[in-house]
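Hi,

Here is the structure I promised to pass on. Have a look at it first, and then read my notes below.

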Amino acid sequence: LEPGLDFVLGSLHNLRGKPDFYEYPYTSEAQCAQLNREYLAELLELTEFPYFDTMAHIGYTSRYMHRDGFSAEITAEAYRNELAAVYEALIAQGRGIEINVSGLRTGHTSYPNASALALYYDLGGEIITLGSDAHTPEYISCAMEARQELLKGCGLRYFATYDRKKPIFHKI
């Protein structure tokens with residue numbers, strides 16, 4: 001691993017042998033649900049990769065499913081066992097999750113959404129980083145108040161930044 005890094009995100013944008021979820025052709029709610037299950041299974045595999053600190057934008061799939069008219073979100077109600085397995089692995093390894101608010105720019109949701117984030121907290125998760133998938137300067141700190149309210153609503157009182165691969169907690 002490159003020396004001097006403060007923080008490394010782990011993320012999954014496509015399933016093995018399939019295009020990025022951005023480019024994927026969605027055809028039905030059932031197909032979306034199946035892809036979400038496959039996505040969560042591959043996220044669980046990703047937890048075995050030791051080189052990242054925080055898992056990014058859990059629920060990335062729903063960003064594009066929603067764009068194409070499907071509502072197959074990754075919620076704690078619909079995917080509890082799969083999400084819990086991912087979260088429990090991350091928590092046991094001392095790693096966290098990113099709450100990514102890019103979906104809030106389009107009126108959709110954060111990744112993970114509120115129910116999936118609450119499950120993380122209920123399982124004992126504490127390390128939360130904040131992301132926006134900004135890609136342009138004007139979106140770097142978008143939805144700052146909304147993400148803090150989301151964290152508070154789930155019972156979380158801190159978010160983390162990293163310095164030399166060590167989390168530093170900040171009160172909301």
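**Around Asn 113**

Leaving out residues up to four places away in sequence, Asn 113 touches Glu 73, Ile 74 and Thr 75; contact here means heavy atoms within 4.5 Å.

Before going on, a word on what you're looking at: this is a predicted model, where local features need pLDDT of at least 70 and side-chain atom pairs count only at pLDDT 80 or more, while totals for chains, interfaces and linings use all residues. Residues are numbered from 1 along each chain as its sequence is written, and side-chain values use heavy atoms, with hydrogens and water left out.

Back to Asn 113. You'll find Asn 113 in the loop between β3 (96-100) and α4 (114-122). Helices (H or I, at least four residues) and strands (E, at least two) are DSSP runs, numbered from the N terminus. Asn 113 counts as buried, at 7% relative accessibility. For that word, the cut-offs are under 20% relative accessible area for buried, over 50% for exposed, and partly exposed in between (1.4 Å probe, protein chains only). A polar atom of the Asn 113 side chain lies 3.0 Å from the backbone nitrogen of Ala 116.

Ala 116 is itself one of the buried residues of α4, along with Ser 115, Leu 117, Leu 119 and Tyr 120. A handy bit of background: an α-helix has 3.6 residues a turn, so residues three or four places apart point the same way. After α4 comes Gly 124, which has a positive phi, near 105°.

Asp 53 sits in the loop between α1 (29-46) and β2 (54-55). Is Asp 53 buried or exposed? With a relative accessible area of 9%, Asp 53 is buried. Not counting residues up to four places away in sequence, Asp 53 touches several residues, among them Phe 7, Arg 95, Tyr 162 and Lys 165. With Lys 165 there is a side chain to side chain polar contact at 3.0 Å. A polar contact is a pair of N or O atoms within 3.5 Å; within protein, one must be able to donate a hydrogen and the other to accept it, and residues adjacent in sequence count only if both atoms are side-chain atoms.

Lys 165 and Asp 53 also meet in a salt bridge (3.0 Å, N to O). Lys 165 is in the loop between β5 (158-163) and β6 (166-171) and Asp 53 in the loop between α1 and β2, so this pair ties together parts that are 112 residues apart in sequence.

**Other salt bridges**

How many salt bridges does the structure hold? There are six, where a salt bridge is a side-chain nitrogen of Lys or Arg within 4 Å of a carboxyl oxygen of Asp or Glu.

One of them pairs Glu 38 with Lys 18, with the closest N and O atoms 3.1 Å apart. Glu 38 is in helix α1 and Lys 18 in the loop between β1 (9-10) and α1, 20 residues apart. Both are partly exposed: Glu 38 at 26% and Lys 18 at 28%.

Another joins Arg 164 to Asp 163, at 4.0 Å between the closest N and O atoms. Arg 164 is exposed at 63%, and Asp 163 partly exposed at 34%. Salt bridges with shared partners also join Arg 16, Glu 42 and Glu 45 into one network.

Searching the whole structure turns up zero disulfides (pairs of cysteine sulfur atoms within 2.5 Å). Cys 32 is buried at 0%, and Cys 154 is buried at 11%.

Cheers
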